[in-house]
Amino acid sequence: MTRDVVVYGTGGVGRQAVQIIDDLNADGAAWSLVGYLDDDPARAGTELHGVPIVGAGEWLTAHAHVDVVIAIGSPKTRWHVARRVRALGHTRFATLVHPSASIGARCQIGAATIIYPGVLIDTDVTLGEFVLVNKACTLGHDAQIGAYTTLSPGVNLGGAAHIGAGCDLGINSCTVQGVVVGAWSVIGAGAVVLGELPSNVTAVGVPAKVIKQRQPGWHSAALASPDNSAAQCKEVGRGTA
């Protein structure tokens with residue numbers, strides 16, 4: 001049975017989500033791409049590489065049957081958009097797992113998660129909802145990834161690593177086994193996490209050291225724009241949103 005799907009976000013992650021949908025359909029899935037959502041009113045009715053931008057988030061109120069993919073790199077922005085979509089009464093979220101990803105036995109993948117090509121997930125791994133696992137990441141056995149976390153390309157997590165909700169791990173960062181990273185922390189590109197890190201910090205380097213401490217709840221502050229994630233992308237070394 002064909003299922004309609006709309007992609008919320010027109011940046012790099014949004015375009016990657018469309019590619020994953022295309023690859024899934026080529027592998028036998030039955031997604032029907034309706035278009036993109038973008039909160040810039042000037043973009044409504046235009047197209048992006050031939051795919052229509054059908055409107056902003058409010059479009060979902062008249063399309064309750066459509067699954068939505070929130071394809072935004074910043075955990076903070078993704079958290080805000082998910083709350084907004086749910087506040088509109090929308091309850092259908094698509095989970096996308098690329099056909100080339102390897103998922104081990106007894107893994108639990110939360111709703112609305114996106115898993116990119118070439119990802120290797122070992123046995124007994126748990127991912128919360130709205131997690132984004134970018135290409136070529138490896139997740140060791142028994143790892144636990146909190147909701148809204150972003151793993152940038154090439155992240156390598158040791159077995160039984162615990163990554164809290166809303167974390168943002170930069171390109172090619174890694175942890176040893178059993179490491180705990182607190183919620184809403186940022187790990188810079190190439191960092192090596194050897195020990196526990198608290199919540200709401202930014203850590204960089206080899207070994208990773210804390211260079212910034214944020215106030216608890218910092219992620220819940222209102223966004224300055226529909227997607228203001230560019231600054232955090234630069235900080236974490238994730239590339240574009």
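**Salt bridges and nonpolar cores**

Q: Quick one to start: is Asp 67 buried or exposed?
A: Asp 67 is buried, at a relative accessible area of 2%. Buried is under 20% relative accessible area, exposed is over 50%, and partly exposed falls in between (1.4 Å probe, protein chains only).

Q: What sort of model is this?
A: It's a predicted model, where local features need pLDDT of at least 70 and side-chain atom pairs count only at pLDDT 80 or more, while totals for chains, interfaces and linings use all residues. Residues are numbered from 1 along each chain as its sequence is written, and side-chain values use heavy atoms, with hydrogens and water left out.

Q: Back to Asp 67, then. Which residue does it form a salt bridge with?
A: Arg 92, with the closest N and O atoms 3.0 Å apart. A salt bridge here is a side-chain nitrogen of Lys or Arg within 4 Å of a carboxyl oxygen of Asp or Glu.

Q: How exposed is Arg 92?
A: Arg 92 counts as partly exposed, at 33% relative accessibility.

Q: Switching topic: which residues touch the most other members of the largest nonpolar core?
A: Val 69, Leu 96, Val 133, Leu 139 and Leu 157, out of 48 residues in that core. A nonpolar core is a set of buried Ala, Val, Leu, Ile, Met, Phe, Trp, Tyr and Cys residues joined through side-chain atoms within 4.5 Å.

Q: Which element gives the most to this core?
A: Helix 1, with 6 residues.

Q: Where does the core lie relative to the domains?
A: Between them, because domain 1 (3–88) and domain 2 (96–210) both give residues to it. Those bounds come from an automatic or database domain assignment.

Q: What does Val 69 touch?
A: Leaving out residues up to four places away in sequence, its contacts include Val 5, Tyr 8, Ala 17, Leu 96 and Ile 114. Contact means heavy atoms within 4.5 Å.

Conventions. Helices (H or I, at least four residues) and strands (E, at least two) are DSSP runs, numbered from the N terminus.
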